[in-house]
Amino acid sequence: MAKLSVNDLDLQGKRVLTRVDYNVPMAEGDGAMVINDDTRIRATLPTLKVMIEKGAKIILAAHLGRPKGERVDSMSLQPVAEKLSELIGQTVAFCDQCVGDTVTEAVAQLKEGGLLLLENVRYHPEEEANETAFAEQLAANADIYVNDAFGAAHRAHASTVGVPTVVTGRGGQCAAGLLMERELQFLGDELESPDNPFVVILGGAKVSDKIKVIDRLLEKADTIIIGGAMAYTFKLAKGFTVGKSLVEPDKINVAQAALDKASERSVQFLLPTDNLIAEPTEIDGKFAFGDYRVNDCENIPDDMEGVDIGPKSAEAFSEAIKGAKTILWNGPMGIFEDSRFAEGTYNVAKAVCEATATGAISIIGGGDSVKALNKAGLGDQVTFMSTGGGASLEFLEGNELPGVTALNDK
Ligand code: AMP
């Protein structure tokens, strides 16, 4: 059932506690913390603008990093308040607490359409423990709760589950923000009944991280394409050698079961038939890759590591992607962080964008594929990029996300 949306609410003069995902990458520069990538802050602007127009008094709650229940200055959300002020074009007040009298005083100062960002909720151990007393303190100044933090919705924490439970319990409304709604629409509804052909592209490090997604999507997909280190566990299952490639030998049976299911269901299952291989070595006492070359063969030599798909595989994958009406992509085809090994991922990215330009719906399931697309400057040429990492994967596995379940149905 669809969840209540921020668009459905009357917010005039209401105090709206809004959970956002401001877990942005930061680094120290000139003695202060500097935000390296403000994508997650920008992603909340549509929801905030709707709430400002509706005259809400907006109280923002978020976490940053893993302070493990203690105040850690480098994980303060203060720089986010400054960045958000700049992006939204109005002052965003900051409160250096997230519960207690100072918050109550700061909320009392809020005007209609005003914004207040609370300090990192993870400074309190009760947040991750989802303690009711803490959730009640967080909810003390809220008439309404909105959750726009899809990336945190797989965690049953006080700010994602405890607060909506308290607010619902006293008859208040709990709704999804616009970003959350889009995530549920694309990762949920669109993939529930995709237009065919439906092509799923999975890559990245480990089969074990994505096997549940593969298993579920084998029920719906016409083609499954596997790249990245994941592919080598499948290659082992098929009896090929993988040299020094990253593999999970204890997952061979799991890989084989997926291959069998694909064949039973006549799902096309594409693995790389050639690879880019590199020699693992040491430079100045540190791990590095030495010589690298295309390995135009199924077996990888003993002393070499597979680091990307090869050109023949990229072509075969692109051909399959071209014919798709729905595409889901999660995980790079190789170690794309190293520009020498990024071509396979970029070729797949280009094919996904080309298919999108000719009418396919392309959904990028978060994490490193989003990074790769942005790095290639193609981020605006796909239909939807998920802002979640772990949350996206759990949702794609078909799991309920506690932070979504806690919101009211329409
Ligand atoms: P994931 O988070 O599972 O999507 O994995 C992403 C990571 O997988 C990236 O950091 C890639 O560098 C890594 N990766 C992709 N292909 C390979 C490969 N062939 N060998 C080692 N790591 C890889």
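How many nonpolar, polar and charged residues does the lining of the second largest pocket have, by class? The lining has eight nonpolar, five polar and eight charged residues, where Ala, Val, Leu, Ile, Met, Phe, Trp, Tyr, Cys and Pro count as nonpolar, Asp, Glu, Lys and Arg as charged, and the others, Gly among them, as polar.

This is a predicted model, in which local features need pLDDT of at least 70, side-chain atom pairs count only at pLDDT 80 or more, and totals for chains, interfaces and linings use all residues. Residues are numbered from 1 along each chain as its sequence is written, and side-chain values use heavy atoms, with hydrogens and water left out.

A pocket is an open set of points on a 1 Å grid over the protein atoms alone, where a 1.4 Å probe fits, with protein on both sides within 12 Å along at least five of seven lines; lining residues have an atom within 4 Å of a point. Points are joined across faces, edges and corners, and the volume is the space filled by probe spheres set on them.

| Pocket | Volume |
|---|---|
| Largest pocket | about 770 Å³ |
| Second largest pocket | about 540 Å³ |

The largest pocket is lined by 27 residues, and Thr39, Val370, Asn374, Ser386 and Thr387 are the closest to its centre. Helix α14 (368–375) is among the elements that supply at least two lining residues, and α14 gives the most, with four. Helices (H or I, at least four residues) are DSSP runs, numbered from the N terminus. By class, this lining has nine nonpolar, twelve polar and six charged residues.

In the second largest pocket, 21 residues form the lining, and Met1, Leu184, Asp189, Phe395 and Val404 lie nearest the centre. Two or more residues come from each of α8 and α16 (402–405); the largest share, seven residues, is from α8.
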